[in-house]
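Hi,

Here is the structure I promised to pass on.

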Amino acid sequence: STPARFCLKLPSPWSSPADTMGNCQAFCNRPKNTNIRISLPAVCFVWQISMIILFGVFVRYDEESDAHWVEHMHENNITSHVENDFYYRYPSFQDVHVMIFVGFGFLMTFLKRYSFGGVGFNFLIAAFGIQWALLMQGWFHSLDPVDGTIRIGVESIINADFCVAGSLIAFGACLGKVSPVQLMVMTLFGVTLFAVEEYIILSLIHGKDAGGSMTIHTFGGYYGLTISWILYRPFLHRSKPLQGSHYHSDVFAMIAMRLTTAYLFPGTLFLWMFWPSFNSAIANHGDGQHRAVLNTYLALASSVLAAFAISSLSAKRGKLDMVHIQNATLAGGVAMGTAAEFMIMPYGSLIVGFCCGILSTLGYLVLTPFLETRLKIQDTCGIHNLHAMPGLLGGVIGAITAATASESVYGREGLISTFKFEGEFANRTVNTQGAHQAAGLCVALLFGLGGGALVGGILKLPIWGDPEDDNCFDDEVYWELPEDEETIPAIIEYNNQSTIKNFVPGSYHQPWSLSPAWSLQSALVPTASSGSYCQPCFLPPALVPTTSPGSHRQPWFLPPALVPTASPGSHHQSWFLQPSLVPTAIPGSYRQAWYLRPALVPTASPGTYSQPWLLQPPWFILPALVSKAHLVPTASPGTYGQPWFLQPTLVPTAIPGSYRQPWFLLPTLVPTASPGSYRQPWFQRPALVPTTSPGSYGQPWFLPPILVPTTSPGSYGQPWFSQPILVPTASPGSYCQPWFLPTSL
């Protein structure tokens, strides 16, 4: 029979709305299985075979890439192959292609343990997205009315790169929280929605958007943010240690430099350098393309200075934040996308870039925390500040610039050429064009929000292999990691923790936990801990007392200026805890005024309180379906939870008196080597061998049976780990290899 946890009880016509909602929530909150061995290959194979079939039916070369190009030259009096569009567009295509596959990918390598996922999944969805984009855009823009085929050329693949850029932007909001199968589904719908909204904006409304501020950045940004909002993870804080960056990951995202080779892979800097090509790639030949490069370049340069300025001003000691520099320096290029071809003037480009640099940096400082705490939008890469908000501003700038265009600035022919006032749009005025530009921005925003809500609901189903909240931002879930990636950090951490214990009499360490031979000098100095010694270069002799009696710190580690906290006898930095505190619901405790609002409401547990927005059904769910009144008791006496949060069916565990969900702990357990304890059959293999410690057991592959005694009585080690020849160290009773410590101690 089918296990209960995999059954979906379909609602009957006589089911109440609460029962129906409970069944749907129970299905959506099934346990997550990250094994994608079947689902990912199936999606890749089926969709790629489908692409092959569809390309075989619909796609053909256009006249400039077909073998009949020579005949076309004769028919149209073309005298040179240089007039082929390839020679105009291919340099721009190279730049855009590098931005899509390398720039976007390496910009997402800032996470500590998600570099493989950032680059690899970007590669996967971009490769699939450009194929689907060629079909979708071809059906809307270049379908041959005679034979029903799609004609593609170099401009087609540039537009396909633009199309997939929207999905890559959305990927940034969900980075580290979704599976590759979910990303493929998100790209499938994202490319489809992009092709439709692009056709409406560029063809039906006849808006101008050469650099994609509306069609790419506004749509992609709000598409990804809405999906992230639907896929909100309430316990994502469990993965908080992996959500940040470290020094090398930030450098990698900035310039993507591999220390082991001489190659440089572009991150932020390559995106910054190639953005003028991105905004001008499909602009009109001649003055339009030339003007787009100049406007974008100036806006980018201006946003750099603004980002540096605001980042420094926002810090207490004026230090720069790499997150701001990685992202806000690109905001000027995003905002200049729509108006890139327009006569916005060089000083206007500088103003746009400067304002966007300020706005984007302030977004990371203010809006990102607000979106996560208030609106429950977990934006991993901050795409709201780099793409969505500057894209929205770029659409507004484009509408204003179009509405204020005049013949005195553009000339009569210039207006017609820039805004394509020809054919059915020959009688359109600049004021009408500005209004249509604004309408196009609304269309992009509507498709981003509506499409994101639809796709987010599909991706919320527990069938895609996405990770649990405490396994996010970790490559180990979907990637095979090299051995050194898993073992070296532990050794380094152990070394860092054990360094201060060197030379303490009566203590012993492995030889590799001491400082290397080249950093150990014959002169040692005492530390603040009585009886311990260290190199003069490691611990300066000048120490200052801390607020804890008898303890000392480096003068640069703890500034002397401290202020008392609400707890008597404790102190903190003046910038860490503000003096204005408000009492909390717990008598005698205080918090910052902005951290805990004074308005609290009682929860279902007597005597406890919470924020009114923290414990209540989501506002987007009808009160008739889910209400605070529908609570069920949990396994803990006196506590209650939503019926969809804790299933009423619990099973006893191996520990008497405790219970778990049936999907959390399998009922089949096997005893371990420790009496009275049990494990899953897959967690510990039954074959164990005794170790050198009496009564303990280990895997046969973990501890080889061949051991030799060490210098410590009763202890044993591998033959290669401890050599028989040892010399005494500066700590009485401890020994080390002769090559590890100098004899002059």
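Is Cys 163 buried or exposed? Cys 163 counts as buried because its relative accessibility is 0% (buried is under 20% relative accessible area, exposed over 50%, partly exposed in between, with a 1.4 Å probe and protein chains only).

Some housekeeping: this is a predicted model, where local features need pLDDT of at least 70, side-chain atom pairs count only at pLDDT 80 or more, and totals for chains, interfaces and linings use all residues. Residues are numbered from 1 along each chain as its sequence is written, and side-chain values use heavy atoms, with hydrogens and water left out.

On disulfides (a pair of cysteine sulfur atoms within 2.5 Å), the count is 0. Cys 381 is in none, and the nearest cysteine sulfur, from Cys 174, sits 9.7 Å away. Cys 381 is buried, at 13% relative accessible area.

Then there's Arg 233, buried at 4%. Its side chain makes a polar contact of 2.7 Å with that of Asp 469 (N or O atoms within 3.5 Å; within protein, one must be able to donate a hydrogen and the other to accept it, and residues adjacent in sequence count only if both atoms are side-chain atoms).

Now the rings: the whole structure has 21 aromatic pairs (Phe, Tyr and Trp rings, the six-membered one for Trp, with centres within 6.5 Å; planes under 30 degrees apart are stacked, over 60 edge-to-face, the rest tilted). One of them, Phe 86 with Tyr 90, is stacked, at 4.9 Å centre to centre and 25 degrees between planes. Phe 86 is partly exposed at 37%, and Tyr 90 is partly exposed at 29%.

Cheers
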